[in-house]
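Please examine the sequence and the structure shown here before reading on. The explanation after them leads through selected parts of the model.

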Amino acid sequence: MAPARAQEPGDDLACEAGPVSRIVIESRPIFDPGPPSQPRILRWTRGLANFMHVDTREGFIAGELLFGEGDCPDQFLFEESERILRELGFIATADIVAEPQPDGTRHVRVTTRDEWTTKIQIDVTVDDGPQFEGASMVEENFLGSGNLIGAFYQERKQRRDYGITLHSTRLGGTRLDGRLNAGRTRSGGFTDAMLVYPFVGEVGRFAGRLRFHRRESLFPYVLDPSLDYSYALLPVYGERVEATQAYRFGEPGDLTLLGFGITRETLRFDEYPDSVSLVRGLDFGNLLDDEPGIGSRLAGQTRGHGLTRFNLLLARRKVRFESRRGLDAVSGEQSVPQGLDLSLTLGPRLPLGWLSTEDESSPASPAELASDFMGRVSFFGGVASASAVLLVNAETEARRVRFEDEVDGRWRDIFSEADLLAYWQPGVGVARTLVARVSAAGGWNTISPFQLTLGGREVVRGYKEEDFPAGRRVVASLENRVDLGWPAPSSMDLGLTFFADAGRAWAGDVPFGMDTGWKTSVGAGLRLGFPAGSVRVTRIDLAWPVGADSGRGPMFRASTGDFIGLVRGFADAQMVRSRRSGVNTSFEGVSR
């Protein structure tokens with residue numbers, strides 16, 4: 001059944017090319033058996049992997065298609081269906097072809113190939129010597145049903161989380177997606193539960209989202225290198241309840257969105273300043289008491305609140321997609337958006353007594369909130385030629401806040417970030433892709449916990465994640481990705497990468513911020529895709545700082561996924577942790 005037809009019934013039309021009389025679905029295993037001439041051990045290994053994996057059910061794939069038997073063949077719906085299937089985390093490739101029949105109708109053949117979905121992972125890094133960072137056991141496509149079940153333990157810096165995760169891509173056989181993540185942190189517990197009806201490709205007209213998010217955590221402030229401690233940890237309690245629905249008008253590729261909803265937000269800093277603890281080195285298992293002059297510097301970013309907002313969402317979207325190979329994947333195919341997407345979110349605080357129950361246990365110390373208005377604007381633009389792709393993304397969020405001891409309100413918690421991402425595939429010699437990124441991020445007039453760093457795996461990669469705390473930064477990176485096409489291209493992808501980063505940070509108004517001057521690093525590594533054609537990439541990198549800090553030695557990192565690219569997205573992890581509203585015009589499903 002085509003969701004577009006279900007949402008927007010249309011008149012029966014005669015098909016010039018003949019209707020779709022049959023849909024043939026072929027859900028292929030991870031590996032093709034290969035020719036009999038290949039080494040016996042390779043055939044045996046592939047066969048064992050396919051035997052251990054349950055292929056995605058044909059019924060599940062049929063439910064994701066935007067067309068059905070009796071419909072007129074529509075190349076746009078075929079391509080959109082391919083994109084929807086490829087964006088599921090457990091399907092590597094999807095191809096849809098219409099085949100003419102003697103009776104004038106069309107048979108449509110849908111062919112997919114799965115990713116490897118059973119993950120038993122042990123995370124070890126050597127950023128600062130060998131470190132165990134956790135383990136997880138996840139099945140991303142349980143019995144081929146599109147459901148994810150798993151358990152995890154993560155320990156990285158101040159973060160120590162363990163719990164369970166459950167995702168359903170088609171809850172109860174519908175397009176409704178569900179997610180539940182629950183467990184414990186170093187300082188308390190967390191729950192993230194969501195039901196979302198996503199926009200169905202570019203043809204969906206309705207989307208909705210219900211979400212409950214609660215987390216007790218420790219916000220890590222990197223300290224000035226001159227101090228005897230490396231981190232100050234601030235306990236934070238955050239909670240958000242959201243109900244949002246949205247509608248789209250227009251034609252696919254030229255859409256206008258209107259949405260609205262209610263959110264309940266709570267932010268608390270219980271027992272501050274006595275709750276602040278300090279860390280020496282990376283010994284997060286041995287938290288130390290605060291010392292005078294350290295925890296008190298966090299006071300400006302401990303303004304809690306408890307309020308209810310009405311949210312209005314507006315967006316204009318003129319986007320189409322093209323398929324490209326070898327951008328973020330070593331050789332695999334991914335969908336690249338082109339066009340423009342502009343969105344606006346407005347979130348005024350509801351007056352006390354009207355759909356609002358203010359939380360007296362979470363005061364905005366030292367003065368209560370008198371008014372609070374949140375606004376967010378975001379922009380995306382993308383263009384492409386035969387050999388190049390250029391993408392631009394920018395987002396700014398701010399709150400107009402007035403406390404009871406103030407006459408006029410001020411814009412506070414201003415968080416802004418912008419990214420330019422470019423790909424170029426020369427198309428001569430070896431298969432390679434040149435990737436360039438320029439990224440800027442910063443915060444102004446912050447009253448909620450916020451701090452950036454210039455070092456780390458997502459920024460200047462030759463430095464540690466606790467290097468160079470700041471309030472604003474700009475980073476430029478250049479990467480040369482080469483597909484070796486060796487040694488077993490039918491089973492796995494193997495590539496090389498060479499990269500360089502340069503960045504600069506400014507103190508801004510954050511605690512312990514510093515002006516850094518320019519910092520640079522260079523590096524090289526391996527990129528592995530398994531199975532062949534997978535968009536998922538595992539990286540093993542070495543990065544060296546250059547210039548004045550060249551004596552620090554190289555940083556070795558092994559990671560799952562690229563930290564620069566369209567697959568990863570434009571969201572900056574250090575910016576995301578400080579954004580409090582979370583309401584946006586994106587209604588993506590849990591597996592996308």
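The paragraphs below treat a helix, a sheet and a loop residue in turn. The model is a predicted one.

Helix 4 comprises residues 75-87, 13 residues in total. From its first C-alpha to its last, helix 4 reaches 18 Å, close to the 18 Å expected at 1.5 Å a residue. The N-terminal end of helix 4 is capped by D74, which has a side-chain oxygen 2.9 Å from the backbone nitrogen of F76.

Helix 4 lies across strand 2 and strand 3 and runs at about 160 degrees to strand 2. An open sheet is formed by three strands in the order 1-3-2, with mixed pairing. Strand 1 (20-28) and strand 2 each have a single partner strand, so one side of each is left without a neighbour in the sheet. From one strand to the next, the twist averages 15 degrees. Strand 2 pairs with strand 3 in the antiparallel sense over nine bridges, and A98 stands opposite V108 in strand 3.

The last stop is a loop residue. T185 is placed in the loop between strand 8 (177-184) and strand 9 (189-197). T185 counts as buried because its relative accessibility is 8%, under the 20% cut-off. A polar atom of the T185 side chain lies 3.2 Å from the backbone nitrogen of S187. Leaving aside residues up to four places away in sequence, T185 touches R160, D161, F190, R215 and E216.

Terms used: Residues are numbered from 1 along each chain as its sequence is written. This is a predicted model: local features need pLDDT of at least 70, side-chain atom pairs count only at pLDDT 80 or more; totals for chains, interfaces and linings use all residues. Side-chain values use heavy atoms; hydrogens and water are left out. Helices (H or I, at least four residues) and strands (E, at least two) are DSSP runs, numbered from the N terminus. Buried means under 20% relative accessible area, exposed over 50%, partly exposed in between (1.4 Å probe, protein chains only). A polar contact is a pair of N or O atoms within 3.5 Å; within protein, one must be able to donate a hydrogen and the other to accept it, and residues adjacent in sequence count only if both atoms are side-chain atoms. Contact means heavy atoms within 4.5 Å. The expected span of a helix is 1.5 Å times one less than its number of residues. Two strands pair if DSSP finds at least two bridges between them. Axes are lines fitted to C-alpha atoms, for helices over the stretch in contact, and angles run from 0 to 180 degrees between N-to-C directions.
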